[in-house]
Amino acid sequence: MESMTGRILVATPSLKDPNFDRTVVLLVAHETGGALGVVLNRATEVPVAEVLGKWGSLAGDPAVLFEGGPVAPESAICLARTRPSVKRPSGFHPVSGGVGTVDLSADPESLGDNLSGLRVFAGYSGWSPGQLEEEISSGSWFVFDALPGDAFVSRPDDLWTMVLKRQGGITAAVAHFPSDPALN
């Protein structure tokens, strides 16, 4: 099995689970034991600073919590992007290139100068062994390479459309698929 860690999943219109309607998920782990990711385009209205204090000053625009997925919504996963010339800071665990997870028990002030972006996700998306692969082969997900800025876009509501359009061809046309074909 080739790991898909660091790649993004883009929900296809045929995916009927309302937890993942028009979502973009960054896989932060994909191993024989299953897969774990966070939904990149579901911002809440809760400021990061309201829940995690000093971490709020490092959060990118919008500086709010994101719904990472339906599993364990009381837990938090923090994604960050390191500055290009920075060595891997303590408490940073790489996912792909300069993007990785950050240990929220660390001191945010010690990381601030090393990071160019930060997002905090309440909950996560998880798949048991073989479940994600089955969903991909059934047509529920497109799998694409992630760009370093995907997790930190300032307009996360537009990410699903942006990722599909940049693929070109027929895949780009899916970005115009109506949310309810019955109303078309």
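A residue counts as buried under 20% relative accessible area, as exposed over 50%, and as partly exposed in between, taken with a 1.4 Å probe and protein chains only. With that settled, here are some notes on the model.

1. Ground rules. This is a predicted model, in which local features need pLDDT of at least 70 and side-chain atom pairs count only at pLDDT 80 or more, while totals for chains, interfaces and linings use all residues. Residues are numbered from 1 along each chain as its sequence is written, and side-chain values use heavy atoms, with hydrogens and water left out.

2. Overall build. The protein has 5 helices and 10 strands; these are DSSP runs numbered from the N terminus, with helices (H or I) of at least four residues and strands (E) of at least two. Its radius of gyration is 16 Å, close to the 16 Å that the globule rule gives for 184 residues, so the protein is as compact as a globular protein of that length. (The radius is taken over C-alpha atoms, and the rule is 2.2 Å times the number of residues to the power 0.38.) The C-alpha trace spans about 50 × 35 × 30 Å along its principal axes.

3. Burial and contacts. Of the 184 residues, 41% count as buried. Contact here means heavy atoms within 4.5 Å. Among contacts between residues at least 6 apart in sequence, 65% join residues at least 24 apart.

4. A nonpolar core is a set of buried Ala, Val, Leu, Ile, Met, Phe, Trp, Tyr and Cys residues joined through side-chain atoms within 4.5 Å. The largest one has 36 residues, and those with the most contacts inside it are Ile8, Val10, Leu40, Leu79, Trp127, Leu132 and Trp141. Strands S1, S2, S3 (34-39), S5 (64-67), S6 (71-82), S9 (115-127) and S10, together with helix H4 (159-165), each supply at least two residues of this core. The largest share, 5 residues, comes from S2. Another core lies apart from it, with 12 residues, among them Val48, Trp55, Leu65 and Leu115.

5. Leu132 counts as buried because its relative accessibility is 1%. Leaving aside neighbours within four places in sequence, Leu132 is in contact with Met4, Leu9, Leu27, His30, Ala35, Trp127 and Trp141.

6. Aromatic pairs. Rings of Phe, Tyr and Trp (its six-membered ring) pair if their centres lie within 6.5 Å; planes under 30 degrees apart count as stacked, over 60 as edge-to-face and the rest as tilted. The count comes to 5 aromatic pairs. Phe20 and Trp141 form an edge-to-face pair, because their ring centres are 5.5 Å apart and their planes stand at 75 degrees. Phe20 lies in the loop between strand S1 (7-11) and strand S2 (24-31) and Trp141 in strand S10 (residues 141-145), so the pair ties together parts that are 121 residues apart in sequence. Both Phe20 and Trp141 are buried. The rings of Phe142 and Phe144 are stacked, since their centres are 5.7 Å apart and their planes at 20 degrees. Phe142 is partly exposed at 23%, whereas Phe144 is buried at 12% relative accessibility. Ring pairs also link Phe20, Trp127 and Trp141 into a cluster.

7. Ser125. A polar atom of its side chain lies 3.1 Å from the backbone oxygen of Gly68. Not counting residues up to four places away in sequence, Ser125 touches Phe20, Ala35, Leu36, Gly37, Val39, Gly68, Gly69 and Pro70.

8. Backbone points to check by eye. Most residues other than glycine have a negative phi, and most peptide bonds are trans. Arg22, in the loop between S1 and S2, has a positive phi of about 55 degrees although it is not a glycine; Arg22 is partly exposed at 23% relative accessibility. Ala72, in strand S6, has a positive phi of about 45 degrees and is partly exposed at 21%. A cis peptide bond joins Asp61 and Pro62, with omega about 0 degrees, and Pro62 is found in the loop between helix H1 (48-52) and S5.

Note on methods:
A polar contact is a pair of N or O atoms within 3.5 Å; within protein, one must be able to donate a hydrogen and the other to accept it, and residues adjacent in sequence count only if both atoms are side-chain atoms.
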